[in-house]
Amino acid sequence: MDFTLTEEQSLLGDAIDRFNARTQDSVSRRRRLESEAGRLRTMWHEVAALGLAGLLVPEADGGSGAGMAEVMVMMQAAGRGLMVEPLVATAVVGATLLVADTDVSRRTRLLARLVAGDLLLALAHAEPQASASMQQVLTEARCQGDEYVLQGAKSLVLHGGEADLLLVSARTAGSPQDLEGVSLFLLDPAHPGVVKRDYATLDGHRACELALDEVRVPASAMLGRAGTAAALIEHALDRGSAALCAEAVGVMETLLAQTTEYLRTREQFGQAIGRFQVLQHKAVDMLVQLEQSRSMAYLASLRADAAHREDGAREVSAARVSIARSARAFAQSAIQLHGGIGMTDELPASHYARRLSLLEFWLGTREQHLERYMHLKQPDRVAAS
Amino acid sequence: MDLEYTADEHAFRDAVRDFVQAELPQDIASRVRDHRRLSRDDHVIWQDILARKGWLTGHWPSRFGGLDWTPVQCHVFDEETAAAGAPRLIPFGLNMVAPVLMAFGSPWQQAHYLGRIRQNLDWWCQGYSEPGSGSDLASLKMSAVREGDHYVVTGQKTWTTYAQHADMIFCLVRTAQGPRRQEGISFLLIDMHSAGITVRPIILLDGEHEVNEVFFDAVRVPVENLVGEEGRGWTYAKYLLGHERTNIAGVGASKREVRALRELAAQLQFDGRRLAEHAPVARRIAEIEIDLLALEMTVLRVLSAREQAPGPEASILKLRGTEIQQAISELAMDMAGQYALPFVPEAFAAGSEACGVGPVALAPLAARYLNLRKVSIYGGSNEIQRNIIAQTILGL
């Protein structure tokens, strides 16, 4: 039982904080948000130079060979600085999928580009038809000779618009809810039949809707064996969820600091409003929510790679639910304590509150994670030990 | 970073589990699990069993006869004993006055009182609150006037938990009046069997007799029972509070209670289906379980980060721990439904199967809900905890 960071892990967090202090001021962030997706790319090379793009890539493949503890450190710092770079899509979820590629020469080639910051990835898994399960796949991949024909639609593809390579889940067998029969395809976004609609999301990130109409890819475009991708996708999404948990903690850290600073400096009735007990207690509840979330981010990060996947999955979903509930209340309080100015787009705190309010809808919503938590059997780890 | 228990910790858990299974009297365990009333003897018998093994004070430093348990071992011990239905350890001696004596007590006090606590010979209670001094504790008035080698103590304490059972009480008393009211407070150990002490029960809204008023009428207390220096009692009291609030998280007992909720939901029928199959109930149980997991992780974080007594972050544990205890008891009462209503005093009595109305397991649940309103009031009310956090952590 050890919750301390190594010196290397602390240095990683410091380096990202310094990078953000230099690059992520609200003016330049606004400029990037308003720019075409391509502007992200210049910044992504600097992110890659910090070792972040290849954080989860093994050292033998040129990456940092780090694990989920480092991802937690990275994402907390990303949250503190409200980074808009596609860390979750590319460095966490995308990297996890590519590292599992069994085609050795392709894996080597793609990982080298990933580490260098020359490859942005996006997992296209969620679909327009909502379901309680995060596993439902309606998109089909029909086998025709040595080709597959993809037909279907994907929704809310995180950073899908600017991705160089899409990782698309599609059903090669079975019915929509089956775990068996889901396959994963590497897809060039410029491929004929692929129609993307790229858009901004309220929380400062980007996503796209993806229509796949008679998209013909060679059988070799498949990553791994046919029909067996569900577990890999689930693992990648759990790592992504753990990353979001850590990011929420970082967002809360900055937002709490901004809020308490405001309480100390804003004066009404002849005194700092932070002297009023009713406001103090609201701020304290924010701190309690932050500390509960920090605990759950640890849990999610360290359990996302659990040897017994079911145990880990249950705890990752518990963390998502817990942090979603805390984040919702936390963001409400942050806005309320700032009063009118908290409502303005001009105030950096409102951007943090917005991210925090919407983060729970990525990679499985709170409701989906609660369903999953309740569905997975409680492991008696104590008894098993 | 590592969340796994070590092999030694697993072995320790097994040893605790085996011991509890072999030694915890089953009648006591079933009373705890069924939320029945516990007698003084129930507590004393269990604490004697632990004392003989040395585990009553396993968390103490070895120089005071403890076993130097790590914070993680303490957590495991709490979890295993609570899971088995052991009564909670009465904390006033073990975890409250003992740390103060270790830090500030005289060699005689350490040898005498710590030795007796270790052997479970004295039942301690806490004399802090007074009728006019609750949250504003520093306004306390009970006076101690030095006369030769005695203090003469006059005044009243209240909300004194289990004073009716106690052999000893540690008190905050006023030894001086001055501009800084905290500086006139001293920390005194008083024999509850002294002449001039009267204990009057206070019956709580659930019918329980847990707390009391304690009246002191010119009670003579030998000066060797003053802890540390005269006028430094407030410092010692603050030191004690940090210890009190960590224990107050109550993770082990809450885990047991959540398991009980699950069992209850599996037994009870509503609309022809098991209650557990009703989504609103299943959801509330899951949400409480998740809150408890977050609290447990926070407790482990706080415990593993510190060798010393925890600071203001202990207030966070008190807040969340008590909120969760209350949420569990609230859901249990809701699950009882209409059978929350009957008040059948015999249903609380030890070993009674009498109930009369509704399933026997449901009879104590509403009373327990009412009883647990206390946890957000005692040990420094949750509002006081928020004041502490606002000032010391947030700097407001």
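**Entry 1: ground rules.** I number residues from 1 along each chain as its sequence is written, and chains are lettered from A and ligands numbered from 1 in the order in which they are written. Since the model is predicted, local features need pLDDT of at least 70 and side-chain atom pairs count only at pLDDT 80 or more, while totals for chains, interfaces and linings use all residues.

**Entry 2: the chains overall.** I looked up the secondary structure of chain A and found 12 helices and 10 strands; for chain B the entry reads 12 helices and 10 strands. Helices (H or I, at least four residues) and strands (E, at least two) are DSSP runs, numbered from the N terminus. The C-alpha trace of chain A spans about 80 × 55 × 40 Å along its principal axes, and the C-alpha atoms of chain B fill a box of roughly 75 × 50 × 50 Å. For the 385 residues of chain A, a compact globule would have a value near 21 Å, and chain A has 21 Å, which agrees. For the 396 residues of chain B the rule also gives a value near 21 Å, and the 22 Å of chain B agrees with it.

**Entry 3: domains of chain A.** The domain assignment, which is automatic or from a database, gives domain 1 (7-119), domain 2 (123-227) and domain 3 (231-384) in chain A. The centres of domain 1 and domain 2 of chain A, taken over C-alpha atoms, are separated by 23 Å. Their contact (C-beta atoms, placed from the backbone, within 7 Å) takes 14 residues from domain 1 and 15 residues from domain 2. On the domain 1 side, helix α5 (residues 87-99) of chain A gives the most, with five residues. That side divides into 11 nonpolar, two polar and one charged, where Ala, Val, Leu, Ile, Met, Phe, Trp, Tyr, Cys and Pro count as nonpolar, Asp, Glu, Lys and Arg as charged, and the others, Gly among them, as polar.

**Entry 4: domains of chain B.** Here I noted domain 1 (7-89), domain 2 (124-232) and domain 3 (248-392). Between the centres of domain 2 and domain 3 of chain B, taken over C-alpha atoms, lie 31 Å, and their contact takes six residues from domain 2 and six residues from domain 3.

Entry 5: Strands β6 (residues 197-203) and β7 (residues 209-222) of chain B run antiparallel and are joined by seven bridges; strands pair if DSSP finds at least two bridges between them. B:Thr198 of this chain stands opposite B:Phe215 in β7(B), and in the hairpin, which has five residues between the strands, B:Gly207 takes a positive phi near 90 degrees.

**Entry 6: where the chains meet.** The contact between the chains takes 29 residues from chain A and 28 residues from chain B. α9(B) gives the most to the side of chain B that touches chain A, with 13 residues, and that side divides into 19 nonpolar, three polar and six charged.

Note on methods. Two residues are in contact if their C-beta atoms, placed from the backbone, lie within 7 Å. The radius of gyration is taken over C-alpha atoms; the globule rule is 2.2 Å times the number of residues to the power 0.38.
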